[in-house]
Amino acid sequence: MEDSLHFDIPVQQRMRPVRRVRAPQRAAERPELLSAEPINVYHWAAVALVTALMCVVMACAAGTPTLAHAAGFTSAVFGALGGALVLGGMLRAMRLQRSAQSVHSSDIKGT
């Protein structure tokens, strides 16, 4: 009976596949990297503000005071984040407008 549990099976050595060396791809070969869209700050501000609104609704519908407090705190965090994003987008737009006006006024003065 002890011989029935003894198996003498020959095992072949495992060979590792040969790795080929890849040439690094340049950005010109990958057009999806060149046509990347800029981040829309107002879109993410809207997402944060809608999330804050949903957290307010959850705070009102929460069954326990602890859940209501947690949802209210989360709503405040997302509201602050959305407000900061809107403020950042407005400041960026004003900065771009001011730099465009200064370039335009220097062109007028220079000619």
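Biologist: Contact means heavy atoms within 4.5 Å. With that in mind, which residues is Cys 55 in contact with, leaving aside its neighbours within four places in sequence?

Modeller: Cys 55 is in contact with Ala 71, Thr 74 and Ser 75, once those neighbours are left aside. Please note that this is a predicted model, in which local features need pLDDT of at least 70, side-chain atom pairs count only at pLDDT 80 or more, and totals for chains, interfaces and linings use all residues. Residues are numbered from 1 along each chain as its sequence is written, and side-chain values use heavy atoms, with hydrogens and water left out.

Biologist: How confident is the prediction, and what does the chain average in pLDDT?

Modeller: The average pLDDT (the predictor's confidence in each residue, from 0 to 100) is 82 for the chain. A score of at least 70 is reached by 77% of the residues.

Biologist: Where is confidence lowest, and where is it highest?

Modeller: Helix H1 (residues 31-34) has the lowest confidence in the chain, with a mean of 60. Helix H2 (residues 41-61) has the highest, at 93.

Biologist: How many helices and strands does the chain have?

Modeller: There are 3 helices and 0 strands, and the pattern along the sequence reads α-α-α. Both kinds of element are DSSP runs numbered from the N terminus: helices are H or I, at least four residues, and strands are E, at least two.

Biologist: Back to Cys 55. Which helix is it in, and is it buried or exposed?

Modeller: Cys 55 is found in helix H2. Its relative accessibility is 5%, so Cys 55 counts as buried; the term means under 20% relative accessible area, while exposed is over 50% and partly exposed is in between (1.4 Å probe, protein chains only).

Biologist: What about Cys 60, buried or exposed?

Modeller: Cys 60 is exposed, because its relative accessible area is 67%. The structure holds 0 disulfides, a disulfide being a pair of cysteine sulfur atoms within 2.5 Å.

Biologist: And Ser 75: which helix holds it, and what does it touch?

Modeller: Ser 75 is found in helix H3 (residues 65-110). It touches Ala 52, Cys 55 and Val 56, not counting residues up to four places away in sequence. Ser 75 counts as buried because its relative accessibility is 10%.

Biologist: How far apart are Cys 55 and Gly 72 in space?

Modeller: Their C-alpha atoms are 6.6 Å apart, although Cys 55 and Gly 72 are 17 residues apart in sequence.

Biologist: Now Ala 45. Where does it lie, and which residues is it in contact with?

Modeller: Ala 45 lies in helix H2. Its contacts are Gly 82, Leu 85 and Val 86, leaving aside neighbours within four places in sequence. Ala 45 is buried, because its relative accessible area is 1%. The C-alpha atoms of Ala 45 and Gly 83 are separated by 7.0 Å, and those of Ala 45 and Gly 88 by 9.8 Å.

Biologist: Is Gly 88 buried or partly exposed?

Modeller: Gly 88, which is found in helix H3, has a relative accessibility of 33% and therefore counts as partly exposed.

Biologist: What share of the whole chain counts as buried?

Modeller: Of its 111 residues, 9% count as buried.
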